[in-house]
Amino acid sequence: MNDQAIRSIVIVGGGTAGWMAASTFARLLGPDYCEIHLVESDAIGTVGVGEATIPQMATFNRMLGIDENEFLRETKGTFKLGIEFVDWTRIGHRYFHPFGSYGVNMNGISFHAYWLRLHALGEVPAIEPWSLQAMASADAKFMRAIDAGNSPLSDIPYAFHFDAGLYARYLRRYAEARGVVRHEGKIERVELRPENGFIDAVVLDDDRRIEGDLFIDCSGFRGLLIDQTLGAGFVDWSHWLPCDRAVAVPCAGGERLDPFTRSTARAAGWQWRIPLQHRIGNGHVFSSAHMSDDEATAILLANLDGEPLADPRFVPFRTGHRDRVWIKNCVAIGLSSGFLEPLESTSIWLIQSGLSRLMAMFPDRRCDPAEVARYNRILATEYAEIRDFLILHYHATERDDSAFWNHCRTMDIPERLAEKMRVFQSRGRTFRENEELFNDTSWFAVMQGQGLRTNGHDPIADTLTLDETRERLRHIREAIAASAAYMPTHREFIRANCQAG
Ligand code: FAD
């Protein structure tokens, strides 16, 4: 082995990020490569929210070799087929951002080009009938894909909702069983090496000293290592995404178990609804410049499905990311690296992405500056791409009923997003750029859903006659409707496969 190889990794923090990091290292480095330590403080606790994901989460589970049904049982988890957006375009309007794609791409272009052609003729008001995820969600149906030839049932991308506290505990058991050493206690001091400013050790309140070669800062918003110790700085995006606070409360749910997250726009933000097996997670994300805590709490409590199961809890946050997420021998993962509000459930994905990119550029004890710079550049791009997708939801709206929406609707937006909107408005084309997270279906779902209008459609769609187009769309819509009808309810599927004890 390289004599500069990492001999010890110290993870600071035992929230979702810390335990995802510990599990990843334990799994991919194996038991003999290096020691893996994790320090967490029960007194400080975790942020305790973060319960909706995107389909990439299934890849993370597979990488760990986790049995998906066991994971869902242990975390009281449910399945998610997309997000329903209510009142975002205008009050009384709703649309669905599904996982997977619409219809079937034809002649090398997206299905939605053909749909737009008929939509302009007034023949197809909504796109949802061409998404299995949207149609199944409407009736609270779910199943995993089966081998059904070219039926829509052969490809059903999905994600999960889960209890964040139970998830961290589940991964803790996984990581500890694979040799990760957990230290309970509060870090009081961080010691640097005088010769190069690398972190040498963290020192706990009882004077335990934990040395390492590589430090992973998963300490949450405070950024104990990356910012408080190494002074990373922060790129602030609150002028584009003005929400800066959330109030969260779980409530009782009923028999119907929706396989989707609902996001309902409010006067100064939006409310989430995340159905789990044993409760519904709710939260109101809002701009404190436009709404008080009391008002935000009253709106949240007035819009619950059932009895609140705990007191409302406030979580302040700042939108943006650390200037550098990797400095010397310290890599920030999770909330310590930055935060984009949970509108499209991207934070846990950013943890996953940070970890997979770190594994792809795993350092030795020198932490080569060229590799560090590349990592920082890639992560900054990833944050900016997701940021633009989130801004789209706020900016492309008809809402003019509050100062908050007037600000969002009329604000300047990043040029990259403005260009995407111009291209869409021309002929309804959407593109996934390079490695960006959201694909052309997602961009289409939100641009169309938010009420952006196009001046035409992709000319390639005219390669089919109108009658052929109608016939193909009818055929696909019927196949999707039949597939949705075939599926069991989400509740039945969970009972049969992964019901928590
Ligand atoms: P934390 O959970 O804050 O953990 C920090 C850890 O560091 C704790 O263990 C703490 O004890 C430890 N620590 C800190 N200081 C010290 C110290 N001095 N000594 C010892 N230990 C210390 N993400 C999604 O993907 N989907 C969602 O739906 C979603 N919803 C969200 C809603 C809101 C309102 C917010 C704020 C976030 C949401 N997120 C969501 C993000 C998600 O919650 C986080 O990405 C995830 O929980 C990771 O948090 P973390 O582990 O980085 O930090």
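Strand E15 (residues 269-275) and strand E16 run antiparallel and are joined by seven bridges. Helices (H or I, at least four residues) and strands (E, at least two) are DSSP runs, numbered from the N terminus. Two strands pair if DSSP finds at least two bridges between them. The model is a predicted one, in which local features need pLDDT of at least 70 and side-chain atom pairs count only at pLDDT 80 or more, while totals for chains, interfaces and linings use all residues. Residues are numbered from 1 along each chain as its sequence is written, and side-chain values use heavy atoms, with hydrogens and water left out.

The bridge partner of Pro275 in E16 is Ile280, and a hairpin of four residues connects E15 to E16. Strand E13 (residues 245-251) is also joined to E16 by seven bridges, and these two strands run antiparallel. On that side, Ala248 stands opposite Gly283 of E16. Strand E16 itself (residues 280-286) is mostly covered, with seven of its seven residues buried; buried means under 20% relative accessible area, exposed over 50%, and partly exposed in between (1.4 Å probe, protein chains only). In a regular strand the side chains alternate between the two faces of the sheet. In E16, Ile280, Asn282, His284 and Phe286 point one way, whereas Gly281, Gly283 and Val285 point the other way.

The domain assignment of the chain gives domain 1 (8-51 + 163-235 + 320-367) and domain 2 (83-157 + 245-316 + 398-501), with bounds that come from an automatic or database domain assignment. The contact between them takes 14 residues from domain 1 and 21 residues from domain 2, where contact means heavy atoms within 4.5 Å. The C-alpha centres of the two domains lie 33 Å apart. The size of an interface is often given as the accessible area lost when the parts come together. Domain 1 and domain 2 bury about 1300 Å² between them, and 61% of this is on carbon and sulfur atoms; buried area is the accessible area (1.4 Å probe) that two parts lose on being put together, summed over both. Glu51, Leu343 and Glu344 supply 42% of the area that domain 1 buries against domain 2, more than any other three residues.

Seven residue pairs are in polar contact across the interface of domain 1 and domain 2, both residues being at pLDDT 80 or more. A polar contact is a pair of N or O atoms within 3.5 Å; within protein, one must be able to donate a hydrogen and the other to accept it, and residues adjacent in sequence count only if both atoms are side-chain atoms. Three salt bridges are counted between the two domains, a salt bridge being a side-chain nitrogen of Lys or Arg within 4 Å of a carboxyl oxygen of Asp or Glu.

The structure holds 42 salt bridges. One of them joins the side chains of Glu51 and Arg279 (3.2 Å, N to O). This pair links distant parts of the chain, 228 residues apart: Glu51 is in the loop between strand E2 (35-40) and helix H2 (56-64), and Arg279 is in the loop between E15 and E16. Glu51 is buried, with a relative accessible area of 8%, and Arg279 is buried at 13%. The side chain of Arg279 also meets that of Asp163 in a salt bridge (3.2 Å, N to O).

Elsewhere, Glu436 and Lys420 form a salt bridge through their side chains (2.9 Å, N to O). Glu436 lies in the loop between helix H11 (415-427) and helix H12 (440-449) and Lys420 in helix H11, so the pair ties together parts that are 16 residues apart in sequence. Both Glu436 and Lys420 are buried. Arg208 forms a salt bridge with Asp206, with the closest N and O atoms 2.9 Å apart; Arg208 is partly exposed at 32% relative accessibility, as is Asp206 at 45%. A network of salt bridges links Arg189, Glu191, Arg193, Asp200, Arg209 and Glu211.

Most residues other than glycine have a negative phi. Asp87, which is not a glycine, has a positive phi of about 65 degrees. Asp87 is in the loop between strand E4 (82-86) and strand E5 (94-98) and counts as buried at 15% relative accessibility. Asn434 has a positive phi near 45 degrees and lies in the loop between H11 and H12. At 73% relative accessibility, Asn434 counts as exposed.
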